[in-house]
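Here is a short briefing on charged side chains and how they pair up. Have a look at the sequence and the structure first, and then we can go through them together.

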Amino acid sequence: STIGDLLAVLVIIMWSTLMIESWYRREWKLRLRWGMMQYQHVEVPRATFRGKYVLSTVNGLRTETYANKVLYWLKRFASICISFLCVLMVVVATVWIWSWQGEYTDMDLTHKSGIEEYFPVAIGMVNSAQILLFNTLYTRLAVILNEWEGHRLEEEYYNQLVIKRISFVVISSFYSLFYIAFVDDREAYQDNSVRLEA
């Protein structure tokens with residue numbers, strides 16, 4: 001089965017790479033057809049952008065650019081650090097929630113009462129609520145951080161917002177699965193089939 005797993009992984013990697021490359025080709029063809037190749041040079045700055053006016057090197061017209069490029073990059077760096085702290089909070093919360101599960105499985109289960117049977121389900125529900133809560137709060141925070149960074153163009157603004165949100169939501173949503181699959185070393189998970197069922 002190891003060779004079959006390896007082949008399946010290789011097929012998925014090849015398929016995803018080819019899919020992305022074919023999408024890039026299609027995107028470039030559409031950009032060329034629609035006249036969007038030099039869009040950033042002619043795109044109007046966002047209405048909330050505050051910068052300084054300089055003469056454009058492209059067409060000689062006055063354009064608004066960053067007042068202080070260093071400050072812009074420092075804000076982006078601070079935003080990345082804040083996002084990293086949020087991811088760290090998700091990791092800590094997930095480990096803490098699943099440690100409850102570990103304490104429950106270590107307890108003497110011979111004297112289980114009716115409510116204790118539902119403890120594993122309750123842990124799963126708490127984990128789901130934690131994921132939902134963190135995703136909702138971080139989505140709001142990502143918009144605030146993006147506004148604070150002060151992106152000049154709409155494209156930059158939305159690209160950074162998408163990167164922030166997707167990276168956080170993927171980690172937040174799938175870290176508990178990663179934790180169960182690779183980190184959790186409870187005795188109940190020593191058999192890989194039990195780990196897969198979890």
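The points below cover confidence, salt bridges and a charged surface patch.

This is a predicted model, and the mean pLDDT of the chain is 81.

**Confidence**
- In this chain, 82% of the residues reach a pLDDT of 70 or more.
- Which elements have the lowest and the highest mean pLDDT? Helix H6 (residues 192–197) has the lowest, at 50, and helix H4 (residues 119–149) has the highest, at 92.

- Arginine 46 pairs with glutamate 147 in a salt bridge, with the closest N and O atoms 3.1 Å apart.
- Because arginine 46 lies in the loop between helix H2 (39–42) and strand E1 (52–55) while glutamate 147 lies in helix H4, this pair ties together parts that are 101 residues apart in sequence.
- Arginine 46 also meets glutamate 154 in a salt bridge, at 3.6 Å from N to O.
- Glutamate 154 belongs to helix H5 (residues 154–183) and arginine 46 to the loop between H2 and E1, so here the parts tied together are 108 residues apart in sequence.
- Is arginine 46 buried or exposed? Arginine 46 has a relative accessible area of 8%, so this residue is buried.
- Glutamate 147 has 37% relative accessibility and therefore counts as partly exposed.
- Glutamate 154 counts as partly exposed too, because its relative accessibility is 32%.

**The pair between helices H4 and H5**
- Lysine 164 forms a salt bridge with glutamate 149, and their closest N and O atoms are 2.9 Å apart.
- Lysine 164 is in helix H5 and glutamate 149 in helix H4, so this bridge ties together parts that are 15 residues apart in sequence.
- Both partners, lysine 164 and glutamate 149, are buried.
- Turning back to the other bridges, shared partners join Arg46, Glu147 and Glu154 into one network.

- Why does lysine 29 count as exposed? Its relative accessibility is 58%, and the cut-off for exposed is over 50%.

Notes
Residues are numbered from 1 along each chain as its sequence is written. This is a predicted model: local features need pLDDT of at least 70, side-chain atom pairs count only at pLDDT 80 or more; totals for chains, interfaces and linings use all residues. Side-chain values use heavy atoms; hydrogens and water are left out. pLDDT is the predictor's confidence in each residue, from 0 to 100. Helices (H or I, at least four residues) and strands (E, at least two) are DSSP runs, numbered from the N terminus. Buried means under 20% relative accessible area, exposed over 50%, partly exposed in between (1.4 Å probe, protein chains only). A salt bridge is a side-chain nitrogen of Lys or Arg within 4 Å of a carboxyl oxygen of Asp or Glu.
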